[in-house]
Amino acid sequence: MRTQRQVVDYSLRKRAVLRELLAGRVGTYDVCDASPYLKNAARFHGEPTENRCPICRSENLTHVHYIYGDELKQSAGQARTLTELPVLAMTLREFQVFVVEVCLGCDWNHLVEQYLLGRDGLAGDTEAGSEQGVVGGSAAGAGPAVRRRREAQR
Ligand SMILES: [Zn+2]
């Protein structure tokens, strides 16, 4: 998606959980705990994937996209289908998307990634870059000092 930004990938954390599971330090009951809400969201708004569940290996994982943000008002925290996201991204300035993978067979679930979507991503790239670095750093504090030096020269 064109406006996707600030992507956070949780695959390392997921691998860590799976390692803990293999090592016997956590049980499947700890990680296969999808709530009825999450499973419903997966059934009605989920995006089927080709990836096998890493726990039961009998079902493919479903991705659920949750949206958060002030502009969403009462829709915040709801699940949306993947096809609805580009439409929202064109109408809203900014909202957060959390992608959760769910297995409807064994209830395994884990955060896959999060990212920002929205119109702000189309224009904002150049403004947010180098300028902020200058203002945020020592340059802001140097303002009065520069002025004093100019006055001294007069
Ligand atoms: Zn499974």
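A word on the model: it is predicted, so local features need pLDDT of at least 70 and side-chain atom pairs count only at pLDDT 80 or more, while totals for chains, interfaces and linings use all residues. Residues are numbered from 1 along each chain as its sequence is written, and side-chain values use heavy atoms, with hydrogens and water left out.

Now the chain. The protein chain has seven helices and six strands; these are DSSP runs numbered from the N terminus, helices being H or I with at least four residues and strands E with at least two. Starting at the N terminus, the order is β-α-α-α-β-β-β-α-β-β-α-α-α.

The protein chain has 154 residues, and 34% of them count as buried. Buried means under 20% relative accessible area, exposed means over 50%, and partly exposed lies in between, using a 1.4 Å probe and protein chains only.

Next, contacts, meaning heavy atoms within 4.5 Å. Of those between residues at least 6 apart in sequence, 60% join residues at least 24 apart.

Now the zinc ion. Which residues coordinate the zinc ion? They are Cys-53, Cys-56, Cys-103 and Cys-106, each through SG, at 2.3 Å. Donors here are N, O and S atoms within 2.8 Å of the metal (3.2 Å for Na, K and Ca); water is not among the atoms, so sites may look incomplete. Along the chain, the donors follow the spacing C-x2-C-x46-C-x2-C.

Cys-53 is buried, at 0% relative accessible area. Cys-56 counts as partly exposed, because its relative accessibility is 28%.
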